[in-house]
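Biologist: Let us go through this model together. I will ask, and you answer with names and values.

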Amino acid sequence: MVKMTGAKALIESLKRQKVEVVFGIPGGAVLPIYDVLYDSDMKHILMRHEQCAAHASDGYARASGKVGVCMATSGPGATNLVTGIANAYMDSSPIVALTGNVPRAFIGKDAFQETDIVGVTTPITKCNFQIKNAKEISKIVNTAFYVASTGRPGPVLIDLPKDTQTEVDDIEFDDGISLRGYKPNIEPHPLQIDKAVKLLVQAEKPVVIAGGGVITSRASQELLALAELLIAPIATTLMGKGSIPENHPLSLGMLGMHGTITANKIVPEADVLLAVGTRFSDRSTGKVETFCRDAKIIHIDIDAAEVGKNIRPHVPIVADAKLALKAIYDRLIKSFNKKERSLWMKRIQEQKKQQAEMENKDGMTPPHLLVELRKILPQDAIITTEVGQNQMWSALYLKTYKPRTFISSGGLGTMGFGFPASLGAKVACPDVPVLDIAGDGSFIMTEQDLATSVSWKIPVTVIVLNNSVLGMVAQWQRMFYNRRYSAIDLGKIPDFVKLAEAYGAQGIRVGSPEEFVKAVKMAMKSEVTTVIDVPISSEQNVFPMVPPGAEIDKIMIG
Amino acid sequence: MAMTREGKTYIVSAIVEHKPGVLYSVSNMFRRRGFNIETITVGASEQKDLARLTVTIKGDERMVEQVVKQLQKLIDVVKVSILDPESTVTRELALVKISTLDTKVRSDVINYTEIFKGHVVDVAHDSLVVEITGDSDKINAFIELMKPFGLKEVARTGITALSRGMRSARME
Ligand SMILES: Cc1ncc(C[n+]2csc(CCOP(=O)(O)OP(=O)(O)O)c2C)c(N)n1
Ligand SMILES: [Mg+2]
């Protein structure tokens with residue numbers, strides 16, 4: 001036991017959790033913590049907006065697989081974190097958010113900058129805590145990290161009233177946690193594995209859907225081994241992108257509203273569907289009532305509440321994806337005679353060929369630029385995206401080969417996520433190039449953190465697919481509202497080259513695919529963040545597209 | 001609220017951490033997912049620091065399955081079970097205030113109270129408060145009976161429940 005303040009206990013506890021970096025902004029209610037940081041070796045990166053602190057910690061977590069940490073003061077600092085926390089919650093990203101609050105005696109009195117952040121974040125965190133005294137800080141930090149990073153990962157918030165930070169007490173750092181109500185079930189039930197094996201053995205046209213859970217549980221190898229054994233093609237969700245290399249012969253690409261033609265045609269033809277680490281979101285399934293109606297569905301997920309929520313599977317398996325896939329594989333390898341699947345494979349190849357013929361990729365169009373971009377990126381380069389057309393083009397046309405190299409706001413669809421997430425990813429993986437594929441509208445939402453990237457020397461590349469409009473909204477108005485364009489025009493504001501320069505970053509405008517490739521090469525070598533402004537037509541649509549509420553194979557292509 | 005109040009009634013019994021904020025996170029989950037709470041009761045259990053929460057909801061099997069899973073997902077919820085009405089004791093307590101301006105009414109009310117095995121717990125010159133315990137049907141029946149007399153106020157606790165015999169929703 002050592003006598004110290006709560007603030008000191010907090011930082012020591014974070015160190016014991018092997019935290020390398022905290023993204024944050026100080027303020028009145030966290031002054032004691034920042035005073036400890038003043039002469040601590042804990043790295044703190046000063047962001048320019050708390051939303052960016054949360055997204056950066058999220059990007060850090062997704063790129064590294066470790067828990068990301070962000071911090072803010074009470075009131076507006078805490079509420080500015082909320083979008084980032086909600087985003088991490090929807091995409092099951094492990095972050096711990098630390099907030100200051102008014103001293104204990106003022107809580108509930110509407111004191112200056114008091115917000116009930118525990119109340120606000122209850123539905124968007126796995127759990128949250130308000131510190132009652134300095135003594136309990138260590139245990140609660142341990143608990144928070146444990147909950148954030150195990151089971152289905154997600155955000156946890158710890159709210160620290162200011163006087164718990166200054167309180168001096170005998171602090172004990174035991175690594176124990178106390179949680180009676182939290183026991184993530186990771187071992188698959190053998191009976192359920194039996195049932196899954198039985199279905200897969202009988203399957204004629206098996207298909208796999210891989211979601212973000214495959215990446216979280218590091219199950220890519222197990223998944224590929226199983227798919228290769230079964231000769232089952234794999235479609236991924238947006239969150240699952242990167243779980244398998246997209247140049248693998250069994251890869252169908254992304255499924256869903258903006259999925260590839262191949263994935264959206266092949267998935268509904270399955271007779272047995274193996275869905276792993278996915279929650280069957282409406283963006284992935286299209287009309288859920290008829291989705292794979294005739295298939296026998298096996299659903300593996302570690303979150304029991306996701307199994308049976310949107311789709312009722314024939315074989316539910318509540319378990320860690322890696323363990324469940326391995327269990328199925330181990331059973332199959334003993335008994336399974338590799339099936340002749342020449343017909344099924346032929347069907348898939350046909351579909352892929354048809355897709356390739358329909359794709360026309362040239363000129364200053366995002367599909368062409370993204371294909372060209374991929375050619376000059378190393379396989380382990382990390383891509384983040386903003387939200388809108390830029391995101392869907394990236395998902396469709398920028399092939400991903402490795403887990404944790406495609407980072408996008410899936411569940412919440414948060415414009416402004418990609419850039420701060422790219423900063424977090426770069427901090428986690430300083431040796432690989434990190435690029436944010438942005439839309440002009442999205443980038444403006446968090447562009448101020450160019451200041452962070454320049455002053456902390458976190459060089460990333462922002463590629464602004466600049467259509468001068470809120471492109472995805474414009475696309476829907478074009479397709480479903482008779483071209484009645486309402487509130488989508490962004491004009492040519494700002495000048496992104498000048499904007500970059502104003503922050504001390506590098507700005508480049510490109511006018512041709514060749515200039516684009518050259519600029520990206522330059523950016524990846526640059527020691528300072530580069531913003532590449534890529535003017536494109538404002539009239540372009542992202543295709544293929546399945547209209548909202550339609551069945552997944554009702555694909556519009558133009 | 002989102003769900004219709006149709007379907008079977010289910011009794012969900014949960015053991016939860018007995019600390020501030022737990023009832024909030026539970027009721028917030030119900031609101032957020034559109035599950036309708038018919039009644040909710042909460043109080044200390046036999047185990048230290050743990051409370052027993054009893055919720056009755058109307059719905060179908062699929063909805064109840066989701067309710068249970070979403071409850072289990074909450075970190076402060078330790079154990080959840082659905083109680084089978086066949087093997088469950090359910091009780092509700094009601095306090096019923098009846099105006100009894102004339103003595104005839106007063107003695108009728110007292111008679112009914114005895115038949116229902118209730119107790120008169122407060123007597124004023126113009127009213128009585130009756131305490132009545134039982135399953136919800138019994139309480140409904142009593143309240144119906146009191147209406148013609150001049151029912152003034154009713155306070156009901158909502159259902160609390162335990163499984164019969166050795167079956168238990170304890171935390172193992
Ligand atoms: C914070 C936020 N506000 C609004 C939206 C709704 N929205 C979805 S896409 C989009 C347009 C995005 O514009 P831009 O970043 O320029 O991308 P583009 O579609 O043009 O590629 C909007 C406004 C959102 N997803 N997030
Ligand atoms: Mg745009």
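**A buried threonine, an interface and a ligand**

Modeller: This is a predicted model. To start, Thr237(A) is buried, with a relative accessible area of 6%.

Biologist: Where does Thr237(A) lie in chain A?

Modeller: Thr237(A) touches Ile209(A), Ala210(A), Gly211(A), Gly212(A), Met254(A), Thr278(A) and Ser284(A), leaving aside residues up to four places away in sequence. Its place is the loop between strand S10 (234-236) and strand S11 (251-254).

Biologist: Which three residues supply 37% of the area that chain A buries against chain B?

Modeller: In the interface, 21 residues of chain A contact 20 residues of chain B. The two chains bury about 1,600 Å² between them, with 48% of it on carbon and sulfur atoms. The trio supplying more of chain A's share than any other three is Arg180(A), Gly181(A) and Arg312(A).

Biologist: What is the count of salt bridges between chain A and chain B?

Modeller: Arg180(A) meets Glu17(B) in a salt bridge, at 2.7 Å from N to O. Glu65(B) forms a salt bridge with Arg312(A), at 3.1 Å between the closest N and O atoms. That pair runs from helix H2 (residues 61-73) of chain B to the loop between strand S13 (296-301) and strand S14 (315-318) of chain A. The count between the chains is three.

Biologist: Is Arg312(A) buried, partly exposed or exposed?

Modeller: The cut-offs are under 20% for buried and over 50% for exposed. Arg312(A) has 41% relative accessibility, so the class is partly exposed.

Biologist: Why are Lys15(A) and Glu12(A) separated by about one helical turn?

Modeller: The two form a salt bridge, with the closest N and O atoms 3.7 Å apart. Lys15(A) is partly exposed at 31%, and Glu12(A) is partly exposed at 22%. The separation is about one turn because they sit three residues apart in helix H1 (residues 6-16) of chain A.

Biologist: In the salt bridge of Lys132(A) and Glu136(A), what is the N to O distance?

Modeller: Lys132(A) is exposed, at 55% relative accessibility. Glu136(A) is buried, at 17%. Their side chains meet at 3.6 Å.

Biologist: Which polar side-chain atom lies 2.6 Å from an oxygen atom of ligand 1, by residue?

Modeller: Among the 17 residues around ligand 1, those that come nearest are Gln389(A), Asp440(A), Gly441(A), Ser442(A) and Gly471(A). Gln389(A) places a backbone N or O atom 2.8 Å from a ligand oxygen. A side-chain N or O atom of Asn467(A) is 2.9 Å from an oxygen of ligand 1. The 2.6 Å distance belongs to Ser442(A).

How values were computed:
Residues numbered from 1 in each chain as written. Chains lettered and ligands numbered in written order. Predicted model: local features only at pLDDT ≥ 70, side-chain atom pairs only at ≥ 80, totals over all residues. Heavy atoms only, no water. Contact = heavy atoms within 4.5 Å. Buried area = accessible area lost by both parts, 1.4 Å probe. Salt bridge = Lys/Arg side-chain N within 4 Å of Asp/Glu carboxyl O. Helix = DSSP H or I, 4+ residues; strand = E, 2+ residues; numbered from the N terminus. Buried < 20%, exposed > 50% of the residue type's maximum accessible area, 1.4 Å probe, protein only. Near = heavy atom within 4 Å. Polar contact = N/O pair within 3.5 Å; in protein donor to acceptor, adjacent residues only side chain to side chain.
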